[in-house]
Structures are given as C-alpha cells and as structure tokens.
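I opened the model to look up a few local features. My entries follow in the order in which I made them.

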Amino acid sequence: MRCHVTAANNFLDWLGGEGLSLGTCTQTDLERWMADPTVSYRDETGHFVRWSVQHRHARDLTYGTVRWTGPLSTIDSEKRWADARRLLNDNMVPTPDRVAGLRLILYAQKIATISQLTVDDVDFDGDTVSITFGTSPVVLPAPLATLVRELVATRRGKAKIGTQEDAPWLFPGGQPGRPLGDYQIGQRLHKIEIRPKEDRSTALFTLATEVPAAILARMLGVHIKVAVQWQQASGGDWAADVSRRSSPGTADGHGPIDPKLKGFYSRM
C-alpha cells in the first residue's frame, strides 16, 4: 500500500537526517523517533521496522504491535447504516466528504489510507467501478460508484497552481502536488457527524463478523493472520448483542436494508 511506502521513506529520511541508517539505528534512536509528536504513519512504520529486522537490514530493534481487541465503544450498527444512507442521499454534503465518510464506515478504511488514494487506484470498466484499498480491487455498489465517478471528474484542491489533470490525488490538498492531510479529512468528517475512530471501529467489527478472513485481509491490505485475529476478537462478549439486535435481511434490526446498499458484502 502507498501509505506503507510513504512511512518507510519518511523513516529513512529521518534516519539520514540524523546521520543514521537501518544498520546503525539503535532502539534508543527508534524510541526517540517514536516520541516525536509530529511523526505520522506510526503503525505503517512499525511494519517496515519489523520487516527490516526480519530481513536483517536492521538489528536489535523492537516495535510492538497493537492487537485489535474489539470496538472502541458500544457497537452502534444503527448509526452506521443511518450514516451510510445519509451520505448516499444528502446532496448538501460535499462529494469528497461523502466519499471519504462512506469508505470509512462501509470499508473500515483508515484516514491515512483514504488521504493517499489516487485516481490510478480507481478503475472504470463500463458501468463497473472498483477501487483498490489493500491488495485487491473492491467493486463498489452502484450509488457509491456514482459518487466516486463524480469525485474523479470534479476533484479540486485549494492550490492555485496546476490543473486538475496535474493532481493525481483523489483528495487534493491546498498545496500543489499534495493530498488533503489526515487532520483536515478528520475535521471534515467530524463536521458531518462521522466519528473517525469510533465509526471505523464499528465498521471493522462488523466486517470481521461477516466477511471471510482472506477477503478481509485483501481488502484492508493486512496479513491474513491479522485478519484472523480480528475475527477472533469479534467473537467476544459484545457479539451476542449485535446478533440479538440485527436479524437476517435487516441492516439495523429495525427495518429492511436500504436497496441502495444491497449487495455490499457480496461485492467484496
């Protein structure tokens, strides 16, 4: 994934600026980098550090992983589907915010991943629109596909230099050649009542209970073992509550699934 490459490049640049390399970096150096509040892509950098140690490009470095042990708060599947319906139908919400919000609440995508998406990650094949989040493209349901088509055609940042064709980013930012920052996307989502951390956690829990681990791994671009851990975590005490609240053929236990969202899981 692009964010993993960016994380590796950023970390290597930092090492170079400190007169270090992967081979000379010590645990103290790594922890000094980790203590810097300005660094980004911490999780992705962790993947790179562990890969470097595994392949003997670095030695004696430890970068712990954070295992997903369940949702951050009470699972609110009703809110998830209500938000999805709202973003699909509310034309007063800007298209970029609708697309970013839907990717988070339907596909459990991190803001760091959403911000790095480019036009090349989207594939148009007749009426079919697919987008690559992880290692495999995901076919989008028709209403979201329409929004993505609109976003690709109308996307614009605040930069005065350059043209739309010059910007590869799906969410161009205010500086030429740069995407919209993670913080800015998060702020925009909060304004439309999407809670990035809590709502992504809900989406991740739901996907882990309903999507096979192999598909979940390809969609999110994570190792199959990580996807299996998420599925095991999703079988915790809170799973029974979700089972009671949601029944087959409903999105939230209170009514039928919105026709616009039918086929969502079958397309992954």
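I took contact to mean heavy atoms within 4.5 Å. This is a predicted model, in which local features need pLDDT of at least 70 and side-chain atom pairs count only at pLDDT 80 or more, while totals for chains, interfaces and linings use all residues. Residues are numbered from 1 along each chain as its sequence is written, and side-chain values use heavy atoms, with hydrogens and water left out.

Entry on T45. I found T45 in helix 3 (residues 42-54); helices are DSSP runs of H or I with at least four residues, strands are runs of E with at least two, and both are numbered from the N terminus. T45 counts as buried because its relative accessibility is 1%; buried means under 20% relative accessible area, exposed over 50% and partly exposed in between, with a 1.4 Å probe and protein chains only. Leaving aside neighbours within four places in sequence, I listed A7, F11, W33 and S40 as the contacts of T45.

I looked up strand 1 (residues 122-125) and strand 2 (residues 128-132), which run antiparallel and are joined by 4 bridges; two strands pair if DSSP finds at least two bridges between them. I noted I131 in strand 2 as the bridge partner of V122. The hairpin has 2 residues between the strands, and G126 takes a positive phi near 65 degrees there.

I then checked S130, which is also in strand 2. S130 is buried, at a relative accessible area of 9%. Beyond four places in sequence, S130 is in contact with D121, V122 and D123, and with P137, V138, V139 and L140.

Entry on helix packing. I read an angle of about 45 degrees between helix 5 (residues 95-107) and helix 9 (residues 196-210), with their axes 6 Å apart. Axes are lines fitted to C-alpha atoms, for helices over the stretch in contact, and angles run from 0 to 180 degrees between N-to-C directions. Helix 5 is therefore oblique to helix 9; under 35 degrees counts as roughly parallel, over 145 as roughly antiparallel, 65 to 115 as roughly perpendicular and the rest as oblique. From helix 5, L104, I105, L106 and Y107 meet P196, D199, R200, A203 and L207 of helix 9.

Entry on confidence. I noted a mean pLDDT of 78 for the protein, with 76% of its residues at 70 or more; pLDDT is the predictor's confidence in each residue, from 0 to 100. Over residues 159-164 the pLDDT is below 50, and this stretch has 10 contacts beyond near neighbours in sequence.
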